[in-house]
Amino acid sequence: MAESETGRGAAKHRRALLKAVILVLFVVMAVCVVRFTPVKDYLTAEALGRLLDKVGIWAPVAFILIYAAGVCLFVPGTLITAIGATIFGPYWGFLYVWVGAMLGASTAFFVGRGLGREFAASLVGDRLKKYDDGIEKNGFATVLYLRLVYFPFTPMNFGMGLTKVRFRDYFLGTGLGIIAGAFIFTFFFGTLKQVWASGDWRELLSFNVLFSVALFAFSFFIPKLITRFKARA
């Protein structure tokens, strides 16, 4: 009986290790795809705009799927956000960016959970277990805080899948936590694109432009303000 349980335990560990290796290979492949294949040539507003023109009314859906894929492939979120804002404008751009980011974040979470959680759990000792349990208990607050302080987006998506955090808490914390950043960046880039398209450079002194610049500058202080507020709480 003991030998049988030992054998099952060893087989379980091998499966967990194999899935963890697949996860690592996936991450390496994702980075290589963006850096060393023609995919990178589409990461401009002009190239992506031409691609979306070909799908007509399905352009928003196509962009959302492209954004989600970009999240999983470690494409910088700010880059795709800027492209979305310049193509769709500050308001629709914000909506499509937010939906795409949520879809990509959820997909990456499930990839991390499905391939890496079992192996990660086997490595958690007594010292780390309390942190893992703490994330499970306070998942929403933890995720929300990390999103508000601009913790690297894609690594966090996969990384949270390795923890015990509930998907509901992860989803709600992410959805709420990225609203401010997504809106600020899309409003900033979308507004500047509108001025560029109009050709009237006097609009650079308009309220919308000055407000977008102020929001963009303020976004860099959000992490410090959140951290200071948390320290005082």
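Here is a short chat about the salt bridges in this predicted model.

Author: Local features need pLDDT of at least 70 and side-chain atom pairs count only at pLDDT 80 or more, while totals for chains, interfaces and linings use all residues. Residues are numbered from 1 along each chain as its sequence is written, and side-chain values use heavy atoms, with hydrogens and water left out.

Reader: Why is the pair Glu 136 and Lys 164 called a salt bridge?

Author: The term asks for a side-chain nitrogen of Lys or Arg within 4 Å of a carboxyl oxygen of Asp or Glu. Here the closest N and O atoms are 3.2 Å apart, so the pair qualifies. The structure holds five salt bridges.

Reader: What makes Glu 136 and Lys 164 a tie between parts of the chain?

Author: Glu 136 sits in helix α6 (residues 126-137) and Lys 164 in the loop between α8 (153-161) and α9 (167-177), so the pair links parts 28 residues apart in sequence. Helices here are DSSP runs of H or I, at least four residues, numbered from the N terminus.

Reader: How do you know whether Asp 169 is buried or exposed?

Author: Buried means under 20% relative accessible area, exposed over 50%, and partly exposed in between, with a 1.4 Å probe and protein chains only. Asp 169 has 11%, so the label is buried.

Reader: And what makes Arg 168 exposed?

Author: Its relative accessible area is 56%, so Arg 168 counts as exposed. Arg 168 forms a salt bridge with Asp 169, with closest N and O atoms 3.7 Å apart.

Note on methods
Helices (H or I, at least four residues) and strands (E, at least two) are DSSP runs, numbered from the N terminus.
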